Amino acid sequence: MAEDRQIKNNNESNQAPDEPRECVDTPAKKKAAVVVGCLIIVVLVAAIIFVLMPRDAEKGSDSSMADAAQAIENEQPTAEQQAAAEKGTLGMRISAEGYDAETASPAIAHISGTSDAGEAVDFCTALTLNASTRVQIDPGAYEVEIIAPINADGSMFEAPEPFKAVVKASGIAEVAKKLTFVPAADAADAASSAASKVAQAMEVNDGTITENAAEVAAKNASVAS
């Protein structure tokens, strides 16, 4: 009987249902979870960078192109600067001892000729005697006539013969002339001729000759005898 009970107990033990086992995270599982989480974060960051970088690069490219264009524009000369660079300079130093700038008619240079571009040039400009007068002009070959001033007492100056001047682009053509003094007693005809030329010069005045120049010249010439 005791043996039969032992067998029965063994059978009941074998037939008892398995108790549920507790799930325990092992170190290997935790490590795997961390690795997966890190991979997910890396993928998300890479995706964000992929989306944003092209826009920033495009914006940077546009900005760089704009800066480059602005730099090129700044280096380009303005229309006035380019025109000035293409012109030349005619420098005239005309000296006259005894000239009274306050009462005498102005000394005038009549410049005429043809530019290298084939354009006719014809204008008059006031001269500052006993100093250098510089005129910006298109490159070309010109003839310069000096209209001598007439002093208030009828005396004047003998003008030199018309002379040639060749002006080159961005160059300076310097000319120096000296006017000889003529007393009033010997200046009647020359003064009258000079006054007439001053009146004609006003028709092609470049804006540097005073408006009353012809009137002053005629008045001073009338004093000469």
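## Basis

The model is predicted: local features need pLDDT of at least 70, side-chain atom pairs count only at pLDDT 80 or more, and totals for chains, interfaces and linings use all residues. Residues are numbered from 1 along each chain as its sequence is written, and side-chain values use heavy atoms, without hydrogens and water.

## Largest pocket

The largest pocket has a volume of about 240 Å³. A pocket is an open set of points on a 1 Å grid over the protein atoms alone, where a 1.4 Å probe fits, with protein on both sides within 12 Å along at least five of seven lines. Lining residues have an atom within 4 Å of a point. Volume is the space filled by probe spheres set on the points.

The lining holds 15 residues. Nearest the centre lie Met156, Ala159, Ala190, Ser193 and Lys197. Strand S5 (140–147), strand S6 (156–158) and helix H4 (188–201) each supply at least two lining residues. H4 gives the most, with 4. By type, the lining has 11 nonpolar, 1 polar and 3 charged residues.

## Second largest pocket

The second largest pocket holds about 160 Å³ of space. It is lined by 14 residues, with Tyr99, Ala101, Ala104, Ser105 and Pro106 closest to its centre.

## Serine 115

Serine 115 sits in strand S2 (residues 107–115). Serine 115 counts as buried because its relative accessibility is 6% (buried means under 20%, with a 1.4 Å probe and protein chains only). Leaving out residues up to four places away in sequence, serine 115 touches Val121, Asp138, Pro139, Gly140 and Tyr142 (contact means heavy atoms within 4.5 Å).

Technical notes
Buried < 20%, exposed > 50% of the residue type's maximum accessible area, 1.4 Å probe, protein only. Nonpolar A, V, L, I, M, F, W, Y, C, P; charged D, E, K, R; others polar.
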